[in-house]
Amino acid sequence: MRFVDEYRDADTARALAARITALCEPGRAYKFMEVCGGHTHTIYKHGLEDYLPQAVTLVHGPGCPVCVIPMGRVDDAIHIASQPDVIMTSFGDMMRVPGGTGSFLDAKARGADIRMVYSPLDALKIAKQNPSKRVVFMAIGFETTAPSTAMTVLRAKADGVDNFSVFCNHVTIIPAIKAILDSPDLRLDGFIGPGHVSTVIGCRPYRFIARDYRKPIVVAGFEPLDILQSVHQLLTQLAQDRCEVENQYARVVPWDGNPKALAAISEVMELRPHFEWRGLGFISQSALRMSAAYARHDAERIFRIPGGRVADPTSCQCGEVLKGVLKPWECKVFGTACTPETPIGTCMVSSEGACAAYYNFGRFSRERVKEATRQ
Amino acid sequence: MCLGIPGEIVEILNDHPDLAMVAVSGVRRAINIGLLENETVAPGDWILIHVGFALSKIDETEAKAALDFLESIGQAYDDEIAALRESMIEQG
């Protein structure tokens, strides 16, 4: 109960928890999935699972874009980085993600010019400063970062920066949620919707979850009270036999999202027929590639991409963790062979991954673990 | 990387209408404001920033709440600020 002791709005939280407990039907268990790494952080940091009634379980979905990049794509990026006159750039989170032939950091140690950037605009600046080099930005992320990549490509085109290209690995959240709903592995009672992705896509794209799958979804903010409030809203809907899209984070998320950001994405990118997700396999129309009009800035058209598939190490259970089938601590290498210092799987590499968040905060009660193991 | 971080607009760069100088946890950097839909921003306004771009305008209370959250998660936010410190988004 550390949450209650530490949190500044402890009284409000206590009252909410009591209302949540009162809404639970006796004898019924509820499983809600959150699909945002930020939410996973809040849940572990504040020990929210200890705080919720035992009938309510929160499971963590594929909300970390670094974690869902398959090893083969990392190898493809390293292959590009190893070509003559290439400067590869990406976010810091990508640096330690292992491919079949090591990580960006390993490739850098072997002599590849790989640089960490904060923004794709930084990569564009490197391209302007190095006109004799081919500067590639390895783009990753959901709809939160895709508009930034798109805007940067538009700027590159406007400024005639022809030595700048994008190795596009942007993924879209809706097909991943649909894949999880269609998976027989997991029975869910509702979703805590991602906060920042929804800033861009809005709330409308989630309507199929309520309409076709009869599950409630509540788009949530990042504070502990936001999460508790969202759980309360989900349980209220279930108690009233409703399935709707609700927006708990309306103070930031507009119902229609950010049309300008969506327009930038559709100008520069198009849906891929299919894309491999780590743990989830191939999902139709679940990722973005550069459209033909921007071929000049598309690394996949400029370079020969090996496109090999690499199986995850057999000891690694990231796939099950990403689907919410296993809790991080239920993975057989969690905290022993796989730690943030020597990660085996992506969920431990990225600070937004469920395993790293869990490992770093270590806020679980033994009772809860025992209970989870029994299920 | 996918953390949204709040920043306060310090200065609108008149020569570069897409950019504003923004203060984020004591770091001052140029941020692209080209994705803010029909919203005017002025010094003192707060925005939510993703990888160098403002995705939404927020009020001061929300900015404070977002900062509390980010500070609570520790390393991931420290890494984001360290990366921002290295950022060199050009004013042109």
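**Entry 1: what counts as a pair.** Before looking at the sheet I needed one rule: two strands pair if DSSP finds at least two bridges between them. I also noted that this is a predicted model.

**Entry 2: the sheet.** I began with strand β3 (residues 86–90) of chain A and strand β4 (residues 113–116) of chain A, and found 4 bridges joining them, with the two strands running parallel. I looked for the partner of I87(A) in β4(A), and it is D113(A). On to strand β5 (residues 134–141) of chain A: β3(A) pairs with β5(A) in the parallel sense, again over 4 bridges. Here V86(A) stands opposite R134(A) in β5(A).

Then I asked myself in what order the strands of the open sheet lie. The order is β4-β3-β5-β6 in chain A, 4 strands with parallel pairing. β4 and β6 (164–170) of chain A are at the edges with a single partner strand each, so one side of each has no neighbour in the sheet. From one strand to the next, the twist averages 25°.

A reminder to myself: strands of a sheet pair through backbone hydrogen bonds, either parallel or antiparallel.

**Entry 3: helices around the sheet.** I followed the chain from β3(A) through helix α6 (residues 104–109) of chain A to β4(A), and these three make a right-handed β-α-β unit. Next I found helix α5 (residues 71–81) of chain A lying across β3, β4, β5 and β6 of chain A, at about 145° to β3(A). α7(A) also packs on the sheet and touches β3, β4, β5 and β6 of chain A, and its direction makes about 175° with that of β5(A).

**Entry 4: α7 and α8.** I wanted to know at what angle helix α7 (residues 120–129) of chain A packs with helix α8 (residues 146–159) of chain A. The angle is about 25°, and the axes are 9 Å apart. Angles under 35 degrees count as roughly parallel, so α7(A) is roughly parallel to α8(A). Their crossing is right-handed. P120(A), L121(A) and L124(A) of α7(A) make the contact with S148(A), T149(A), T152(A), R155(A) and A156(A) of α8(A). By class, I have 4 nonpolar, 3 polar and 1 charged in this contact.

**Entry 5: α2 and α12.** Helix α2 (residues 10–23) of chain A and helix α12 (residues 224–239) of chain A cross at roughly 20°, and their axes come within 9 Å. That makes α2(A) roughly parallel to α12(A). Is this crossing left-handed or right-handed? For α2(A) and α12(A) it is left-handed. The residues I found in contact include L16(A) and I20(A) of α2(A), and L228(A) and L235(A) of α12(A). The classes here are 11 nonpolar, 4 polar and 1 charged.

**Entry 6: where chain B comes in.** I finished with the contact between the chains, which takes 37 residues from chain A and 31 residues from chain B. Among the elements that give two or more residues to the chain A side are α7 and α8 of chain A. Which element gives the most? That is α3(A), with 5 residues. The chain A side has 14 nonpolar, 15 polar and 8 charged residues.

Note on methods
Residues numbered from 1 in each chain as written. Chains lettered and ligands numbered in written order. Predicted model: local features only at pLDDT ≥ 70, side-chain atom pairs only at ≥ 80, totals over all residues. Right-handed = clockwise from strand over helix to strand, strands pointing away. Axes fitted to C-alpha atoms, helices over the stretch in contact; angles between N-to-C directions. Parallel < 35°, antiparallel > 145°, perpendicular 65-115°, else oblique. Left-handed = near helix turned anticlockwise from the far one by under 90°. Contact = placed C-beta atoms within 7 Å. Nonpolar A, V, L, I, M, F, W, Y, C, P; charged D, E, K, R; others polar.
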